[in-house]
Amino acid sequence: MEEPIYITGSGIISAIGNNKEEVLQSLLQEKSGVAEMRYLQSEHTELPVGEVKYSDQEMRDLLNLPADKPANRTSLMGTLALKETIAEAGLTEEELKSLTFISGTTVGGMDYTERCFLQMPEDDEALKVLATHDCGSTSLLQAEYFGMDTSKVMTTSTACSSAANAMIVGSNLIKTGQADIVIAGGSEAITKFHLNGFNTLMILDHEQCRPFDETRKGLNLGEGAAYVVLESAASVRRRGVKPLAVLLGYGNACDAFHQTASSPDGEGAYLAMEDALKMSGVSADSIQYVNAHGTGTPNNDSSESAALRRVFGDAMPLVSSTKSYTGHTTSASGTVEAVICMLALQHQFAPANLGWKNQMSDGITPTVGNPSCQLDYIMCNSFGFGGNDSSLIIGKYDESQLQLSDEMMQKRQLRKVYVRAISKHEPGTPITNLSDFIKPMEARRMCALLKSALVSSMTALREAGIECPDGIFVGTKFGMLSNSEKFLVQMCGEGEHTLSPTFFMQSTHNTIAGMLALRTKCHGYNITFTQGKKSLDCVLKDAAMQIALGKLDNALVGSHDESTQMFHDLLLKLTGEEAPVGESSVAMVLTADPTDALYEYELGK
Amino acid sequence: MEELILKLKQEIIEVLNLEDITPEDIDNDAPLFGEDGLGLDSIDALELIVLIEKNYGIKLKDPAEGKEIFKSINVMADYIAKNKTK
């Protein structure tokens with residue numbers, strides 16, 4: 001059991017409301033926000049979506065953003081949700097300057113990029129969009145608005161579990177004494193890019209989604225943003241604030257089964273839930289409500305049902321998926337749903353699983369709503385591509401918890417961390433020994449970046465004498481650039497039909513970490529950060545924290561990026577910066593054991 | 001039919017990046033999926049759904065339909081011959 005982390009503020013924007021109060025009312029009145037497409041300019045108007053009910057310009061006006069200030073839909077929604085969060089926590093200007101901001105997004109500025117992608121080489125105005133395209137700079141736009149220290153911004157990019165992982169990283173920063181106050185969460189706008197991507201995977205329902213229903217056909221895409229303020233006990237006392245709730249436990253595990261599908265027995269989900277319960281000290285039979293990942297795809301709901309049965313047996317708590325209200329808000333869903341759980345806790349009700357009618361043959365039975373029930377402990381699940389599965393346990397705050405926190409903080413001894421092996425791949429050099437690590441049939445879909453990431457990582461692990469690492473940490477500036485570019489070329493050039501599912505499923509930033517977990521059969525902690533040039537710093541810090549806390553004994557850490565000719569030319573024109581065409585990979589193995597160490601990694605320096 | 005089968009094999013090899021495989025290596029009756037045949041997986045199935053829409057104008061609504069249609073080259077060619085719109 002570990003000490004709780006205190007949640008002292010929260011904010012949300014989603015298809016069912018532009019703030020907490022509106023979201024609460026929609027939940028209580030069972031009003032879904034999934035509707036006909038209104039803001040997204042896509043050919044696929046037949047697909048229902050959960051859009052935030054503001055245009056970009058309306059959000060700009062609400063935030064008083066000057067016309068020349070860059071922003072994208074993800075940053076605009078994120079900034080609005082942050083505003084509510086900061087106000088509720090009562091954070092001062094000084095506190096804003098010194099806190100850490102961790103935001104989850106995978107889409108970043110793709111909404112503007114896809115609108116002017118083909119014009120970028122010729123049109124300087126279009127090219128400017130590239131400066132705020134990447135996920136890291138989208139988080140920076142939000143941090144700058146509030147005068148936060150941009151050197152303390154981190155962006156997690158683990159697809160649909162990004163925001164939950166932001167909360168996990170933030171909590172570990174507090175437990176290792178590296179932060180007192182962290183704002184964590186996520187923001188994600190709907191784009192044509194991922195709407196079409198999910199469409200190529202044939203997992204979008206053409207009607208209102210029906211999570212856990214026998215007749216479910218897929219998910220409805222949603223968008224939104226939500227953040228929470230996480231604090232240490234010392235900070236809660238110093239500021240004299242009363243926490244809204246506590247984060248009692250969290251688990252992050254990897255399914256290590258498939259890039260886009262969950263395993264039939266839900267191994268990753270099961271491990272994440274078990275880890276979260278163990279940390280919280282709450283027994284499974286004390287959990288009264290589970291906010292399920294419940295996307296409404298045949299695969300997720302059946303796999304999650306299997307995992308829930310493994311955790312709860314026949315004593316299943318109330319379970320619902322609120323994606324039937326908001327649509328699937330992808331990278332934001334972790335905190336969108338955590339904030340919904342906090343509302344449920346505060347007002348003692350279980351949100352309904354809208355649209356459910358038919359019992360799944362192999363599934364759990366969700367609740368159709370419970371307007372009044374005793375809730376003390378809630379579980380909130382978020383699972384993503386790459387098998388990135390995370391689970392959170394949220395509970396009520398009581399004052400005695402502060403004492404426990406003090407004792408645990410005093411007792412805690414952080415372990416030293418060592419770098420045992422490093423392996424590099426430079427752009428332009430051939431990858432010669434791929435067949436040492438993977439069969440040609442298995443490598444046929446891998447782009448060059450995945451190959452350089454695999455070879456450098458496996459080489460580092462071999463040098464360190466480790467077969468399966470305890471955790472996998474990947475940093476990347478721009479992610480899977482070549483596949484994203486190919487998908488954009490198809491979509492912007494040929495239209496929104498017959499696009500390649502392979503390009504899309506290997507376009508998410510966490511493809512690398514997911515692939516490494518598959519190859520090493522690593523079910524442990526798995527994360528991807530994307531924070532420009534600081535991406536490697538973020539992963540080293542996160543890996544070192546977990547080793548220092550004793551959660552892992554070793555970690556595979558890496559930073560992997562690629563550049564195409566087109567990207568090279570665009571970036572050079574925009575910034576004067578050279579991004580050599582090809583792949584660059586650095587893989588490292590960190591350990592708690594000093595044997596054969598190259599040097600010590602000092603956490604916090 | 002022979003012509004369609006050869007063309008189909010070449011298209012499959014290209015779209016699925018089966019670099020070391022030639023059309024002659026693919027048995028017309030062997031299963032395309034699973035360990036006993038070519039060893040394709042669920043993502044390949046999605047690529048094949050795109051392929052038959054793009055090249056033959058056949059649109060599948062449910063990925064489960066692919067299971068029957070993509071059993072073997074012979075079954076696939078037969079289905080395409082009967083249903084193609086271009």
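This is a predicted model: local features need pLDDT of at least 70, side-chain atom pairs count only at pLDDT 80 or more; totals for chains, interfaces and linings use all residues.
1. Start with chain A, where helix α11 (residues 267-280) and helix α12 (residues 298-312) have axes that come within 8 Å and cross at roughly 40°. An angle of 35 degrees or less would be a different story: under 35 degrees counts as roughly parallel, and 65 to 115 as roughly perpendicular. The pair α11(A) and α12(A) is therefore oblique. As for handedness, α11(A) passes α12(A) in a right-handed crossing.

2. Who makes that contact? On the α11(A) side look at A:Ala269, A:Tyr270, A:Met273 and A:Glu274; α12(A) brings A:Ser303, A:Glu304, A:Ala307, A:Arg310 and A:Val311. Sorted by class, the contact of α11(A) with α12(A) has five nonpolar residues, three charged and one polar.

3. Now for where the chains meet: chain A puts 13 residues into the contact, and chain B puts in 14.

4. Over in chain B, have a look at helix α4 (residues 73-83), where B:Ile73, B:Met76, B:Ala77 and B:Ile80 are buried. These four cover an arc of only 95° around the axis, so they sit on the same side of α4(B). The general rule behind such spacing is that an α-helix has 3.6 residues a turn, so residues three or four places apart point the same way.

5. And what covers the buried residues of α4(B)? Among the elements doing so are α1 (2-15), α2 (42-56) and α3 (65-69), which belong to chain B.

Methods. Residues are numbered from 1 along each chain as its sequence is written. Chains are lettered from A and ligands numbered from 1 in the order in which they are written. Axes are lines fitted to C-alpha atoms, for helices over the stretch in contact, and angles run from 0 to 180 degrees between N-to-C directions. Helices (H or I, at least four residues) and strands (E, at least two) are DSSP runs, numbered from the N terminus. Angles under 35 degrees count as roughly parallel, over 145 as roughly antiparallel, 65 to 115 as roughly perpendicular and the rest as oblique. A crossing is left-handed if the near helix is turned anticlockwise from the far one by less than a right angle, and right-handed if clockwise. Two residues are in contact if their C-beta atoms, placed from the backbone, lie within 7 Å. Ala, Val, Leu, Ile, Met, Phe, Trp, Tyr, Cys and Pro count as nonpolar, Asp, Glu, Lys and Arg as charged, and the others, Gly among them, as polar. A residue is buried if 20 or more other C-beta atoms lie within 10 Å of its own, exposed if 12 or fewer, and partly exposed in between; C-beta atoms are placed from the backbone. The arc is that of the directions from the helix axis to the C-beta atoms.
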